[in-house]
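I opened a structure that was new to me and kept short notes. The entries follow the order in which I looked things up.

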Amino acid sequence: MSIEKVRTYFRSCGIEDRVLEFTVSSATVALAAQALGVEEARIAKTLSFCVDDSAVLIVMAGDARVDNPKFKAQFHTKAKMLSHEAASEQVGHAVGGVCPFAVNDGVQIYLDESLRRFTTVFPACGSANSAIELTIPELEQYARPNGWVDVCKGWQAE
């Protein structure tokens, strides 16, 4: 089970006790925000894409949407999300619990600029009923991203 992989990883980091598990689903931004009692924007959703036949994860704010021209400029390909089956197989977590922790080898992880406006955010922990509250520096530390990107829209005052 994915959450056990994430728990094992967080145990090695000394933060396993911070993992939150709910009796209700947190598989969507709205459900996670409701379970946590926070605004949807603070949910750090992780979307999985196929780039050059590899899995790429983008962690973004809950109120952000992928901006296709920005994505194409960054990754030199059209934004194509992985299917539920491919996400589970290639990333190691099922849709609803996809997170940037304890992923399969070769998966690239990027954090989107939409997250920087928050002190803490809540990414999933490998299951459809889990989360962890992390500061942005902690998210960087534990997700070990390939870098930061600016591939989203809808979250800024335009």
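Entry 1, a bridge partner. I looked up Thr46 and found Val59 in β3 as its bridge partner. The model is predicted, so I noted that local features need pLDDT of at least 70 and side-chain atom pairs count only at pLDDT 80 or more, while totals for chains, interfaces and linings use all residues. Residues are numbered from 1 along each chain as its sequence is written, and side-chain values use heavy atoms, with hydrogens and water left out.

Entry 2, the strands around β3. I read strands (E, at least two residues) and helices (H or I, at least four) as DSSP runs, numbered from the N terminus. Two strands pair if DSSP finds at least two bridges between them. Strand β2 (residues 43-51) and β3 are antiparallel, with eight bridges. They form a hairpin with two residues between them, and Asp52 in the turn has a positive phi of about 50 degrees. I then followed Val59 to β5, where its bridge partner is Leu111. β3 and β5 (residues 108-112) run parallel and are joined by four bridges.

I took buried as under 20% relative accessible area, exposed as over 50% and partly exposed as in between (1.4 Å probe, protein chains only). In β3 (residues 54-61), seven of the eight residues are buried.

I traced an open sheet of six strands with mixed pairing, in the order β8-β6-β2-β3-β5-β9. β8 (134-135) and β9 (147-149) are the edge strands, each pairing on one side only. β2 and β6 (residues 120-123) run parallel with two bridges, and Ala44 has Pro123 in β6 as its bridge partner.

I counted rings of Phe, Tyr and Trp (its six-membered ring) as paired if their centres lie within 6.5 Å; planes under 30 degrees apart are stacked, over 60 edge-to-face and the rest tilted. The structure holds six aromatic pairs. One of them is Phe10 with Phe101, tilted, at 4.9 Å centre to centre and 55 degrees between the planes. Phe10 lies in helix α1 (residues 2-13) and Phe101 in the loop between α4 (84-91) and β5, so the pair ties together parts 91 residues apart in sequence. Phe10 is buried at 0% relative accessibility, and Phe101 is buried with a relative accessible area of 0%. Phe75 and Tyr110 are edge-to-face because their ring centres are 5.2 Å apart and their planes at 70 degrees.
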